Amino acid sequence: MHDASGRLLGTGFLNTRSVITVRLLTTADRDLDEPFFRERLERALALRRDVVADTTAFRLVFGEGDRLPGLIVDRYGDTLVLQTLTAGMDRRKELLVRLLLDLTGARRVYARNDPAVRRLEGLARETGWLAGGGPAEAAIEEAGAAFLVDVAAGQKTGFFLDQRENRVYAAGLLRGDVLDVFAYTGAWAVHAARCGALVKAVEISEQAAAMIVRHAGLNGVGDRCRVVAANAFDELRRLDRRRERFDAVVLDPPAFVKTRAALERGLAGYKEINLRALRLLRPGGWLISCSCSYHVSEAALEATVGEAARDAGRWVRLVERRSQARDHPVALGVPETRYLKCLIAEVE
């Protein structure tokens, strides 16, 4: 690709059907061939060897963060989950699978090409085994805890890898009675329970709620985890009416703001859950409030929690700002690659 004066800008994928017409992969004049992708994948693996520890599940390739726009690869033990979200990457799917198997030693590769964004590239949604096969469940370990991941039907690619470092770190703070809201399959809950907390986990999906029970038993904390299959907003209101109180509340909701146009309504949702959580906390309790909505900035999330604190009549001091795990590196020229915010605050 060249500019109007003929100066080389780089080499990338062209898709005139997409809103993003060009995906630049390199500023050099290079063939996007097997040696090129092998080199990029080797660099991605080298970074994970440096920054990932004490887990068998992590993000191996993070799109623009690894200079491979449109490619997501997550590792769950000996299983890789692949997403090719652009036409250029999708056409190189077989090459990518072959290289990944060679470089990682993994035995299986599953395609989770079901995100709606593929439609913008003119691609159909598709899932299934690209290499290997067998049960869709993969066993993983995370900081001493054991989990099972459904790579075929689980949310995202089966597990929320981006919160790994946050939940492991926070587990040491979450003592006493802990409320885990939007619990999914219970990763926050299990880590907290393994550190001695008594956890109530709230999850609307009955299938995911059943998996929390299974994970609690798998980790020997079934007696310290109570699971409620309910709408989080409804359950927060119910707990408030019953005047139940907790020593910590974890809010890790799905993205309330998927487009800029949805910002105002989404922020109202974040305020509602934070307000309810603050009302449920005992003095000196911990609030962990997260947002994975890119359009909600860290400043906006902090302001929303502050507004909720004023309405709840609580004094909140922010102890730490955290983000996504280090296997989700941020490309400084691509602000969308930093999307996860995690606020850890003490509440009086």
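Good morning, colleagues. The structure before you is a predicted model, in which local features need pLDDT of at least 70, side-chain atom pairs count only at pLDDT 80 or more, and totals for chains, interfaces and linings use all residues. Residues are numbered from 1 along each chain as its sequence is written, and side-chain values use heavy atoms, with hydrogens and water left out.

Let me begin with helix H1. Helices (H or I, at least four residues) and strands (E, at least two) are DSSP runs, numbered from the N terminus. H1 covers residues 34-51, which is 18 residues. From its first C-alpha to its last, H1 reaches 26 Å, close to the 26 Å expected at 1.5 Å a residue; the expected span is 1.5 Å times one less than the number of residues.

Which residues of H1 are buried? They are Phe 36, Phe 37, Arg 40, Leu 41, Ala 44, Leu 45, Arg 48 and Val 51. Buried here means under 20% relative accessible area, exposed means over 50%, and partly exposed lies in between, with a 1.4 Å probe and protein chains only. Seen down the axis of H1, the buried residues fall within an arc of 165°, so they line one face of the helix. That arc is taken from the directions from the helix axis to the C-beta atoms. On the face turned away from the buried side, H1 carries the exposed residues Pro 35, Arg 49 and Asp 50.

The buried residues are Ala 187, Trp 188, Ala 189, Val 190, His 191, Ala 192 and Ala 193. After H5 comes Gly 196, with a positive phi near 105°.

H8 covers residues 263-280, and its 18 residues should span 26 Å at 1.5 Å a residue; its end C-alpha atoms are 26 Å apart, which agrees. Buried residues of H8 include Gly 266, Tyr 270, Ile 273, Leu 275 and Leu 278.

Two packed helices are described by the angle between their axes and the distance between the axes.

As for handedness, the crossing of H7 and H8 is left-handed, whereas H8 passes H9 in a right-handed crossing. A crossing is left-handed if the near helix is turned anticlockwise from the far one by less than a right angle, and right-handed if clockwise.

Now to the cysteines. A disulfide is a covalent bond between the sulfur atoms of two cysteines. The rule applied here asks for a pair of cysteine sulfur atoms within 2.5 Å, and by this rule the count comes to 0 disulfides. Cys 342 is in no disulfide; the nearest cysteine sulfur, that of Cys 290, is 3.7 Å away. Cys 342 is buried, with a relative accessible area of 1%.

I close with two loop residues. Ala 143 sits in the loop between strand S8 (137-142) and strand S9 (145-150), and its phi is near 50°, a positive value in a residue other than glycine. Ala 143 counts as partly exposed, at 22% relative accessibility. Lys 156, in the loop between S9 and helix H4 (164-170), has a positive phi near 55° and is likewise not a glycine. With a relative accessible area of 35%, Lys 156 is partly exposed.
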